[in-house]
Amino acid sequence: MFVEERKQSILNILKQKEKVSVNELSDLFSVSKVIIRKDLCQMEEENLLTRTHGGAILKRKIVDKIILKDIAKEDLEEKTALAEKVVSLIQDGDIIFLDDSTVTIIVAALLQKRKIKISVISNMLEIQKILSENKGIEIISLGGIYDPRTDSFIGEMARENLELFNPNKVFIGIGGINVDKMQLSTCTIDEGKFKSTALKVGQESFIITQSKKFYQDSIFNFSKIKEGMTIITDHNISEDFEKKLIENNVKIIK
């Protein structure tokens with residue numbers, strides 16, 4: 001195995017296990033501990049991981065402001081799979097909230113094609129436009145200050161209007177998730193306040209996230225990961241993360 005192939009394998013292992021020891025890697029790749037330590041040192045210099053005593057952990061990223069249109073086509077297959085899981089949870093008669101994310105746009109596109117009678121509350125303009133083509137779906141817009149970066153309405157007006165409703169299912173996108181601290185984060189304070197309000201008004205709370213976001217944080221922590229929440233993610237979630245969440249009575253759909 002070439003060095004770069006071994007490094008990629010180490011990264012893949014870290015994404016699954018969160019942490020790994022030099023001894024484990026030495027046995028797995030049948031190379032000396034000296035070589036493994038050299039690999040880990042180089043990978044730390046490349047900002048890929050953080051070395052620890054006897055091993056390494058995956059390096060967490062800090063994610064700044066995101067412009068949705070710039071990431072709309074990233075990981076499209078993976079996001080579509082997440083959206084399909086969301087749609088499978090929505091039934092006739094539901095009153096749901098969809099916030100602004102690339103996954104919820106796909107959710108709206110899938111719902112638009114379904115014969116279903118539901119009410120959808122959303123602060124995202126694109127979602128409202130998509131769902132307007134389905135006469136069985138009642139669309140509830142919240143108003144507020146328009147943010148072109150996320151194509152959504154935010155601010156106190158939007159947040160206060162959201163408090164007037166009682167959705168039975170709330171679907172929230174996030175910027176980062178930290179299982180060690182049991183925190184959900186997003187890119188701005190306004191977004192965070194809005195998402196926090198959505199979680200409070202919903203009877204059931206669903207967090208939509210790609211597994212890669214378990215290794216990154218955004219600037220503002222808007223909520224703790226609480227008992228009774230459901231996290232919708234992909235199959236690449238770390239076994240350690242999944243175990244801790246389940247121990248804290250958080251449901252995982254993957």
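In which strand is glycine 173 found? Glycine 173 lies in strand β10, residues 169–173; strands here are DSSP runs of E with at least two residues, helices are runs of H or I with at least four residues, and both are numbered from the N terminus.

Before I continue, a word on the source. This is a predicted model, in which local features need pLDDT of at least 70 and side-chain atom pairs count only at pLDDT 80 or more, while totals for chains, interfaces and linings use all residues. Residues are numbered from 1 along each chain as its sequence is written, and side-chain values use heavy atoms, with hydrogens and water left out.

Glycine 173 is buried, at a relative accessible area of 9%; buried means under 20%, exposed over 50%, and partly exposed in between, with a 1.4 Å probe and protein chains only. Apart from neighbours within four places in sequence, glycine 173 is in contact (heavy atoms within 4.5 Å) with Asp99, Ser101, Lys195 and Ile208.

I turn now to the sheet. Three strands form an open antiparallel sheet in the order β11-β12-β15, where pairing requires at least two bridges found by DSSP. Strands β11 (176–178) and β15 (220–224) are at the edges with a single partner each, so one side of each has no neighbour in the sheet. On average, neighbouring strands of this sheet are turned by 30 degrees against each other, direction ignored. Between β11 and β12 (residues 183–186) there are three bridges, and isoleucine 177 stands opposite leucine 184 in β12.

Finally, helix α9 (residues 189–201) lies across β12 and β15, at about 10 degrees to β15. Axes are lines fitted to C-alpha atoms, for helices over the stretch in contact, and angles run from 0 to 180 degrees between N-to-C directions.
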